[in-house]
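I opened this entry to look up how two chains meet. After that I turned to one residue and its surroundings.

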Amino acid sequence: MDYFFFIDLVQGFADGVLFGTTYALIGIGFTLIFGVMHKLNLAYGAASIGGAYVSLIAFLGLGWPPIPTFAISAVGAGVIGYVVYFCCFKFTPVRHPLAALMASVGMLLFIDEVIVHESDGMPQPYPSVMDHAEITLGEIWIRGDLIFVFLMSVVSMGVLLWLLYRTRLGVATRAVSQEATAARLCGINPDRINASTFVITGVLGGVAGAMIGAAVGVLSPLLAVPVTVKGLIVAVIGGLGSIPGAIIAGLMVGAAENIFLVMRGITERDIYVMLLLFVFLVLRPGGLFRSASSQH
Amino acid sequence: MLQLDRLSKHFGGVRAVDEVSLTVERGQIFGLIGPNGSGKSTTVNLVCGLFPVTSGRVLFDGEDITELPTHRRLAGGIARTFQNIRLFENLTVWQNLWVAQNGAEDRQQGFLKRWYSGNRQGRAEIEELLEFSRLHDKRDLLAGNLAFGEQRRLEMARALAAKPSFLLLDEPAAGMSQEELKQLSERIRALRERGATVLLVEHVMDLVMDITDRIAVLNFGRKIAEGTPEEIQANEDVRKAYLGGAAEQEEAASA
């Protein structure tokens, strides 16, 4: 292995870990909704990208600076999250998880179509911050905008963990995911908890969508499906229902993706990411962390 | 206080509960007994609203709560424990009580109080409950890591956290030692002194005869007798249904 190839690998690994935090956010969203409702919301990735597109109105239409634009993305995706809950989950019968699953697939396609039509199928520029800064470590240089993406994602995860572990809403949410029947008897309205979970994960997804846009510099209308797939891979590798699992799996998938990119090129990259998922499904189907929900 | 009015629940062709009527007065400890599969647990689940009734009504404080969703019944003052313990195992002992509190005060004080922190008085009440259930030195342990007896005590404490006026205890003595049984009956008596009304569903006859004011007996989903513990012990139908069933069980256990 020659020296420059090795440097490329390390460079790819570093970039991948930093960008992987956005995958981790998306994975957390999938995993959290699954943990609370024991249902998959396949529209989650699309809702996240949808949030980023909503914020384009502020950026391109109103000329807002980057940070408020990101905030709009978070709020927009939170609202979309509630709409997804209302349309696909609130009224579908509990005993038929497939109904909600199919409804959320419909929602995924719907959001995707709206994005393609509204953007005329063209990529749009997306703002980033600190994009001229960089840190140089010997032969490796780390982009400032990626550091910002990393920090934003880590802060969002921190806020989420604080919500889940330190507030009564979060503790009630975990109570519902562990013992829904007992939670109802403790006066907790599961409908409220489900709705708040969709809004909170929606906000998280909006941050992720904005950060994906910020890291790449453009928003592509073709993002919704790949982001959904990456998010699901992260959630499954981490163990559905496990938040620490999703965080670590997000960083892993980000890093692996870039390493495969360096070694095999862009056209083959996703094949190997899928293989990674395959390996996990065969050897460790419960994911990195066996989640509470997979134990029964 | 609680009134069941010709309450029925059919699962397919099985009449799990068949036109059961009974009235629990305020301040009573009311026993609900019967052999295995006689419909006791189903009755409790109907009172909690865990599944819809087939026919009949559930009245609480004179109000018809038959159609009320489960989580709203707690606000009305009904709390329960489960035969097979259902704690939030990945929450700490303290959090189990905190999340169950959800009190009327918090509701009035709005969203943040209710969902962020709860109020100071509530925290004091948690301390008192921990003391009452002798769990104060376990507050930071995960509920799933407690010993069996401790889990039972925590579940009862969790039911009490919302300050219910009516408490359903579904076989609280299952799997308990003689010593634990004694403590349990003391705690149930203490509950009544605090002003709670208790519906006790139980297999352990000694406990039921010892502490209840009134007993109803179910068999095959029907109420076959109701009266004071002395009357029930003297009742010939009950002897046949219940003690016959118990004898069969003992045979099954020794076989």
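**Contact between chains B and A**

I began with the charged pairs: the side chains of Glu179(A) and Arg86(B) form a salt bridge, at 3.9 Å from N to O. The model is predicted. Residue pairs in polar contact between chain B and chain A number seven, with both residues at pLDDT 80 or more.

Next I noted which elements of chain B take part. Helix H2 (70-76), helix H3 (93-101), helix H4 (104-109) and helix H5 (111-117) of chain B each give two or more residues to the side that touches chain A. H3(B) gives the most, with five residues. I sorted that side of chain B by class and got twelve nonpolar, eight polar and eight charged residues.

Then I looked up the extent of the contact. Chain B puts in 28 residues and chain A 25 residues. The two chains bury about 2400 Å² between them, and 62% of this is on carbon and sulfur atoms. His71(B), Phe88(B) and Trp115(B) supply 29% of the area that chain B buries against chain A, more than any other three residues.

**Arg80(B)**

I found Arg80(B) in strand S6 (residues 78-80) of chain B. Is Arg80(B) buried or exposed? Its relative accessible area is 5%, under the 20% cut-off, so I put Arg80(B) down as buried. The side chain of Arg80(B) makes polar contacts with the side chains of Asn45(B), at 2.6 Å, and Asp170(B), at 3.2 Å. Among the residues that Arg80(B) touches, I also listed Leu185(A), Val44(B) and Cys48(B).

Conventions
Residues are numbered from 1 along each chain as its sequence is written. Chains are lettered from A and ligands numbered from 1 in the order in which they are written. This is a predicted model: local features need pLDDT of at least 70, side-chain atom pairs count only at pLDDT 80 or more; totals for chains, interfaces and linings use all residues. Side-chain values use heavy atoms; hydrogens and water are left out. Contact means heavy atoms within 4.5 Å. Buried area is the accessible area (1.4 Å probe) that two parts lose on being put together, summed over both. A salt bridge is a side-chain nitrogen of Lys or Arg within 4 Å of a carboxyl oxygen of Asp or Glu. A polar contact is a pair of N or O atoms within 3.5 Å; within protein, one must be able to donate a hydrogen and the other to accept it, and residues adjacent in sequence count only if both atoms are side-chain atoms. Helices (H or I, at least four residues) and strands (E, at least two) are DSSP runs, numbered from the N terminus. Ala, Val, Leu, Ile, Met, Phe, Trp, Tyr, Cys and Pro count as nonpolar, Asp, Glu, Lys and Arg as charged, and the others, Gly among them, as polar. Buried means under 20% relative accessible area, exposed over 50%, partly exposed in between (1.4 Å probe, protein chains only). Lists of a residue's contacts leave out its neighbours within four places in sequence.
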